[in-house]
Amino acid sequence: MDASVWIVNLAVLAVVLESDLGRRRVRRFRVLRPVITAAAVVPFFLGNAASGGYGLMLEIGGAAAGLLFGLVVSALMPVYAEVVEERRRAMTRAGVPYALAWIGVVAARMFFSYGSAHLWSARLGEWMASHRVSEGALTDALIFMAMAMTLTRSGLLYARARAVLAAPVSARSGSPSPAR
């Protein structure tokens, strides 16, 4: 594995954690920043996507895993409405569990990247050769996983923020319940 997987993973992790940790207001740039980062970084590192066989299956699996991980980490960041100066705004709160989930997934991808080059390269190479999977397809699968996780996070953040702002205000609390 080359440095592309490391660079993409660390860039996405830094942007997401900087954007989400703590109590934060949901704004357009906050939702789009990870997407913009991905759009800026990925074209430099993405290889030729596989068009069939096990390489394509591996890339699809990476994207599906990223979608699943994106759903899991998004569940760890509640979205709620807050009223300030008679205006409702969408807010989030993300803490240690959210950060640990992102760090854990990124660390696992990076460990796999390291291990594929230094710990189990012979076995992985044999498997890749016997299934006609290129190194580019494996790298792309990891990048697709990172991007799907990021895009899922951004899509859900946007949808959940819109949902809490569209929800009727309860008479008792003055604000809608958090979007799950």
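Modeller: A residue is called buried when its relative accessible area is under 20%, exposed when it is over 50%, and partly exposed in between, using a 1.4 Å probe and protein chains only. The model is predicted, so local features need pLDDT of at least 70 and side-chain atom pairs count only at pLDDT 80 or more, while totals for chains, interfaces and linings use all residues. Residues are numbered from 1 along each chain as its sequence is written, and side-chain values use heavy atoms, with hydrogens and water left out.

Side chains of opposite charge can pair when their charged atoms come close. In the whole structure, a search finds five salt bridges (a side-chain nitrogen of Lys or Arg within 4 Å of a carboxyl oxygen of Asp or Glu).

I shall begin with Glu-82, a residue that pairs with Arg-23 and also with Arg-89. In the salt bridge between Arg-23 and Glu-82, the closest N and O atoms are 1.9 Å apart. Arg-23 belongs to strand S1 (residues 22-25) and Glu-82 to strand S2 (residues 79-84), so this pair ties together parts that are 59 residues apart in sequence (strands, E, of at least two residues, and helices, H or I, of at least four, are DSSP runs numbered from the N terminus). The two partners can be compared by their cover: Arg-23 is partly exposed, with a relative accessible area of 44%, whereas Glu-82 is buried because its relative accessible area is 14%.

The second salt bridge of Glu-82 is formed with the side chain of Arg-89, at 3.2 Å from N to O. Arg-89 has a relative accessible area of 23% and is therefore partly exposed.

Elsewhere, salt bridges that share partners join Asp-20, Arg-30 and Arg-153 into one network.
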